[in-house]
Amino acid sequence: EARRDDLGYAVDGAVVKVDDMRQREELGSTARAPRWAIAYKFPGDVRETKLLRIEVGVGRTGRATPYAVLEPVEVDGVEITHATLHNEDDLARRNVRPGDTVRVHRAQSVIPEVIGPVLELRPKSARPWRFPKACPECGADFVFTAGEQHFFHDKNFKNEPKRCKNCKTKRQGSSASGFTKTETMTTCSQCGRETTVPFKPTQGR
């Protein structure tokens, strides 16, 4: 694990095997795996980067989701520039603010996630982020949808999901898929449900 960054390629674990073939035969196997080998999973790669700003993406159903715009950082061999912040309460619990230096990893080695701030590096000018009252795409006021759960589940949530009725109507009637050029689908690392996240097109395509 100490040599992980020196390999020149991404690894998330190691397999330790018995070299001697005779000893392998003596050890044998179970119904699921050989007894002469064992796999170890490394802890997820955690990096620090700057949280440039927090923006809001509006999904195909009108749900408003805050996300972090990050200074590009490589995590597990992948460049990370955006990470979902799930909802207003999750953002408050993580206590991150625009301008913070934050710790980032890839949840389940896949989904970019902001773990939290490096408080000792927080600038004095950093202020708590407030959810906008109006939709950033059409300017209409956000509305609260009572009785609906967040993608990030917590019984202590007090803020209802914010939705934009205008964007919901406009997107559902705009195309067969209901998607725009600014969003793509992903699976929530916490509850397994599908949701939309900001999409950054690849340059040159």
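The structure is a predicted model, in which local features require a pLDDT of at least 70 and side-chain atom pairs a pLDDT of 80 or more, whereas totals for chains, interfaces and linings use all residues. Residues are numbered from 1 along each chain as its sequence is written, and side-chain values use heavy atoms, with hydrogens and water left out.

The protein chain contains three helices and eleven strands (DSSP runs, numbered from the N terminus: H or I of at least four residues for helices, E of at least two for strands). Along the sequence, these elements follow the order β-α-β-β-β-β-α-β-β-β-β-α-β-β. Of the 205 residues, 35% are buried (under 20% relative accessible area with a 1.4 Å probe, protein chains only; exposed is over 50%, and partly exposed lies in between). Among contacts (heavy atoms within 4.5 Å) with a separation of 6 or more, 52% join residues 24 or more positions apart.

The pLDDT (the predictor's confidence in each residue, from 0 to 100) averages 77 over the protein chain, and 72% of the residues score at least 70. Confidence is highest in α1, at a mean of 94, and lowest in strand β10 (residues 183-187), at 49. The pLDDT is below 50 over residues 173-185, a stretch that has 29 contacts in the model beyond near neighbours in sequence. Residues 189-194 also have a pLDDT below 50, with 17 such contacts.

Leaving aside residues up to four places away in sequence, Val114 touches Ala68, Leu70, Ala83, Leu85, Arg94, Val96, Val102 and Arg103.

Pro34 lies in the loop between α1 (21-27) and β2. Its relative accessible area is 30%, so Pro34 counts as partly exposed. Residues up to four places away in sequence apart, Pro34 touches Gly28 and Ser29. The C-alpha atoms of Pro34 and Lys17 are 9.5 Å apart, and the two residues are separated by 17 residues in sequence.

Ile38 lies in strand β2 (residues 37-41). Ile38 is classed as partly exposed because its relative accessibility is 44%.
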